[in-house]
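Open the structure in your viewer and show it as a cartoon. The stops below say what to select and what is there.

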Amino acid sequence: MLSPVNPPRRIAHLDMDAFYASVELLRYPQLKGLPVVIGGGRRRLDDALREHHADLPLHEIPVAAFPVLKDYTGRGVITTATYAARQFGVGSAMGMMKAARLCPQAILLPVDFDEYRRYSRRFKAVITDIAPVMEDRGVDEVYIDFTAVPGGQREGGRVLARLIQKSIFDATGLTCSVGVAPNKLLAKMASEFNKPNGISIVQPDDLQTLIWPLACRKINGVGPKAEEKLAAHGIRTIGELAARERDWLVSTFGRSYGAWLHDAAWGRDERAVVTESEPVSISRETTFERDLHAVRDKAELGAIFTRLCEQLAADLARKGYRGKTIGIKLRYDNFQSVTRDQTIDHAVQDAATLRRVAGQCLKRVDLSRRLRLLGVRVGSLTPVEAGVPLPSAPVAADFERKVQAPSVKRSSSAIKKQLVSGSLF
């Protein structure tokens, strides 16, 4: 039978299953089936374990040798967790001290972003070898246009999804979940239907049976505030949202967002799968193990600040970008966050300039309070053209030289003035 000239649109959303944790289990297969969380400090666990088990390869180190969550002290947050840990209510972005109360026996592993990026590149290369129209949405998820790919229409896309799943597993040992639907909006929801290692197919006629019973929050783009406002009007499911008039949604939620809510509830989404897209910004941030103060912890903060700028500069160089807008992000001990940025007259990517301009941004925030998070960001990005030299910049001043400790004889008003000016950090 001949294929239709204009086949129906089939878009897939592929999401790797507990990606960071799954990569770690390749390194430590003895932890499979156990509750494991990834997060906390950046220390090298391999080295720590080998101190006591130098004669054993990593996969033979006994489970009892691994640190557990109940022994953790600090301010770290969980990056991800295995499905066994999630059964206890542990999840991403949860504080590890809270997670320790829910699942004290969970094994704790530190993050290893270099390894995760390496596996990310591997599974995406597998996909593009089979289906070249792929949109990169982060380290562990992509959209894929199945429409014109062989097998992309068979069984609604299930045949091609199964081939991609198997190919990724054969190449990496990792599993993924795939949702296939007429558009990106529905495919994103479908990929959550049958985790882990599942395939879910949504056809145009499945809207009322598969999509409308779901909570509004399942729509990618409906956040906690919108969900709360919808609930205040008695709208909790997507079906209830679809029952509201478009004009009412526009008058209640605004012209743009209200119209989008109506389209989303009816499964409408015309966005294309974009194979090349420019990032809006690139950033680096870290949450401290304990709250830090700009005066009393100036050396530690200075070292962290410099390292973030160096890491951000390396990210820019690796991805081939430079930027003109440089900013900082702080989170205080009361969880209040502030951001500041500054735009310079030429795009840069070197650590020295990033640190200098970000340091100027710090002068515009309150540094008399304790900090739990620090971040540095570069926006207004432009690609670096091959052969075009970057502007040079002076080496950043050492933090200890730039930030002088207040003298014990200095008055409290002088210290306060220095704090306000930002010159202490």
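This is a predicted model: local features need pLDDT of at least 70, side-chain atom pairs count only at pLDDT 80 or more; totals for chains, interfaces and linings use all residues.

Of the 425 residues in the chain, 46% are buried. Among contacts with a separation of 6 or more, 68% join residues 24 or more positions apart.

Next, select residues 113-130, which form helix α5, and residues 158-172, which form helix α6. Two packed helices are described by the angle between their axes and the distance between the axes. Here the angle is about 140° and the axes are 9 Å apart. Angles over 145 degrees would count as roughly antiparallel; α5 and α6 are therefore oblique to each other. The crossing of α5 past α6 is right-handed.

Now show the side chains where the two helices meet. Which residues of α5 take part? Select Tyr 119, Arg 122, Phe 123, Val 126, Ile 127 and Ile 130. Colour the selection by residue class: 10 residues are nonpolar, 2 are polar and 1 is charged.

For the last stop, select Cys 103 and then Cys 309. Is Cys 103 buried or exposed? Cys 103 is buried, with a relative accessible area of 0%. Cys 309 is also buried, and its relative accessible area is 0%. If you look for disulfides, the structure holds 0.

Technical notes:
Residues are numbered from 1 along each chain as its sequence is written. Side-chain values use heavy atoms; hydrogens and water are left out. Axes are lines fitted to C-alpha atoms, for helices over the stretch in contact, and angles run from 0 to 180 degrees between N-to-C directions. Helices (H or I, at least four residues) and strands (E, at least two) are DSSP runs, numbered from the N terminus. Angles under 35 degrees count as roughly parallel, over 145 as roughly antiparallel, 65 to 115 as roughly perpendicular and the rest as oblique. A crossing is left-handed if the near helix is turned anticlockwise from the far one by less than a right angle, and right-handed if clockwise. Contact means heavy atoms within 4.5 Å. Ala, Val, Leu, Ile, Met, Phe, Trp, Tyr, Cys and Pro count as nonpolar, Asp, Glu, Lys and Arg as charged, and the others, Gly among them, as polar. A disulfide is a pair of cysteine sulfur atoms within 2.5 Å. Buried means under 20% relative accessible area, exposed over 50%, partly exposed in between (1.4 Å probe, protein chains only).
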